[in-house]
Amino acid sequence: HQAGTGYCIMGMKQLATTNGFRLGLDWSNPPENIDMQALTQARQCEFDRTDNALRTVPGVRVLYDFGLPIETLYYDVYRKRWYFSSNKNLYETDFSTHKLLGVLSGVQKPMYHAFGGDILIASGGKLQAITGAGQLITVESPTCEMVSSHSGRVLLSSIYSHRLNWSAVGDYQSWTHNGNDASSAQWLDVGYKDQGSIIAVDFLTRAIIVYKEYGRVYQVVGTPDENNLTVYPLSSTGYCSGSTCNIDDRSYYLGEQGFMSFMPTNTYAEIQPFETGLNINSYLLKYITKDCEMWHVPSRKQLWIKPYNGDSLFIYHYLPRYNDGRGVFTSRKFTYSINSVVSVDKDVYVAYGNKIGILDESIDTDDGVQIETSIISGNRLATRQFILIMNYNFVTHNIINGYGTIGISNKKAKPINFASKATKTYYATMKTINATSKMNTNEYTKAYKIGGGANRNVQFKIHVQKGAISLRQLDYTYEEV
């Protein structure tokens with residue numbers, strides 16, 4: 001057995017196993033040179049959050065159609081209400097109707113932050129807040145596109161300046177600095193001699209990471225209360241386009257090198273960013289602009305990456321699968337261009353086009369449009385004349401009834417039925433599905449095909465035209481002739 005290659009040598013007959021394609025997309029090498037466990041196409045699929053198997057993506061059920069583009073979506077945990085923005089207006093909705101809360105103070109895409117019972121909003125003008133019973137107020141504050149909180153204060157920053165502004169302790173309406181009062185508002189200029197201003201601010205356990213134009217990245221350590229805020233340069237090659245996200249004490253960002261990340265350092269020496277997106281960056285860096293976005297979907301252990309060409313996105317599964325700590329990628333295409341993603345407990349809500357939808361495992365459509373999944377392996381060339389395939393073994397676990405094909409290279413694909421016994425019982429509301437009736441009744445499709453003929457190259461192509469499946473096994477016995 002050649003360790004790590006996925007090949008076992010049994011006399012002249014050999015077994016090639018894909019391990020369920022556990023390494024996801026790999027565009028860092030030509031299709032002929034990628035691992036047996038990697039894919040050249042992984043469209044409309046993801047790795048299951050419970051058993052890590054490659055499976056079709058859940059469907060999307062539309063909850064509300066606003067009729068105009070919805071730019072952002074936010075869930076207020078304090079008031080148990082939903083807000084969305086459209087054309088500089090802020091609305092509240094219960095998914096059956098909506099009401100206008102007011103006009104945003106700025107023209108940028110709003111950023112929300114929950115603080116002390118209120119919801120703060122930065123949109124390029126003065127800070128705003130949803131307070132009390134749910135009215136929108138505007139605060140006399142510095143101009144801001146970014147809002148967060150740090151050491152019990154609200155932290156504002158602007159894409160037109162070098163400055164971080166902290167409010168007074170616990171009071172987002174107080175922005176005046178008083179030299180005699182450590183709890184009053186504070187500010188700090190980060191790299192103020194640089195050309196270029198702040199692009200994004202991210203938070204790790206010990207430091208604030210400040211991304212600036214032209215690749216400059218800083219760590220800010222300390223707190224305003226102790227009066228010990230210190231700025232250390234972190235990197236001069238962290239080209240961020242504006243979207244960042246921190247997960248498990250790593251700061252991920254999108255930029256002109258693609259999808260990258262930083263871990264905090266103890267040394268305060270400059271470091272190079274880590275190429276988290278190695279497997280997709282050759283594609284991604286052509287499509288990174290300031291309009292790109294990322295969303296953390298914690299219930300699925302995923303980070304969604306949206307390049308500027310709209311309705312497609314990459315799903316980064318951030319639990320490590322490579323020795324260097326990298327996770328793996330698949331891709332998904334929504335029916336409409338996606339603008340906002342919100343996780344509430346186990347549910348995932350999307351604002352796309354004019355609509356708000358929710359991921360739904362029980363359907364294989366996206367706003368009524370059939371989801372079709374395409375999974376294509378690397379392209380393995382014969383080292384002699386041909387790869388003679390004796391048989392291959394393809395096993396799926398079927399979640400929703402459907403059909404599709406499996407084929408090798410350019411030969412005629414074999415049709416397959418995916419039959420599941422899942423009987424769904426709908427309650428009167430049609431919104432909830434009785435999970436108990438589906439337990440342990442799903443079936444498996446096993447396509448054990450004898451003979452795959454002589455092939456100059458072997459590339460498996462799996463196409464799910466309808467239904468939902470999870471890939472359990474794909475391996476084949478072959479001989480080089």
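This is a predicted model: local features need pLDDT of at least 70, side-chain atom pairs count only at pLDDT 80 or more; totals for chains, interfaces and linings use all residues.
A salt bridge is taken here as a side-chain nitrogen of Lys or Arg within 4 Å of a carboxyl oxygen of Asp or Glu.

Another of them joins Arg-81 to Glu-92, for which the closest N and O atoms are 3.7 Å apart. Here too distant parts of the chain are linked, since Arg-81 belongs to strand β9 (residues 81–86) and Glu-92 to strand β10 (residues 89–93), eleven residues apart. The two partners fall into separate accessibility classes: Arg-81 is partly exposed at 27% relative accessibility, whereas Glu-92 is buried at 15%.

A salt bridge is also found between Glu-361 and Arg-300, with closest N and O atoms 2.8 Å apart. Glu-361 is located in the loop between β33 (355–360) and β34 (365–366), and Arg-300 in the loop between β27 (293–297) and β28 (302–306), so the pair ties together parts that are 61 residues apart in sequence. Glu-361 is partly exposed, with a relative accessible area of 26%, while Arg-300 is buried, with a relative accessible area of 5%. Both residues belong to a network of salt bridges that also includes Glu-46, Asp-48, Arg-49 and Arg-55.

Asp-475, in strand β42 (residues 460–480), presents a contrasting case. Side chains of opposite charge can pair when their charged atoms come close. Asp-475, however, is buried and has no salt bridge. The nearest side chain of opposite charge, that of Lys-446, is 8.7 Å away, and the salt-bridge criterion requires a separation within 4 Å. The side chain of Asp-475 instead makes a polar contact with the side chain of Gln-473, at 2.9 Å. Apart from neighbours within four places in sequence, Asp-475 is in contact with Leu-15, Ala-16 and Thr-17, and with Asn-391, Tyr-392 and Asn-393.

Conventions. Residues are numbered from 1 along each chain as its sequence is written. Side-chain values use heavy atoms; hydrogens and water are left out. Helices (H or I, at least four residues) and strands (E, at least two) are DSSP runs, numbered from the N terminus. Buried means under 20% relative accessible area, exposed over 50%, partly exposed in between (1.4 Å probe, protein chains only). Lys and Arg count as positive and Asp and Glu as negative; His and the chain ends are not counted. A polar contact is a pair of N or O atoms within 3.5 Å; within protein, one must be able to donate a hydrogen and the other to accept it, and residues adjacent in sequence count only if both atoms are side-chain atoms. Contact means heavy atoms within 4.5 Å.
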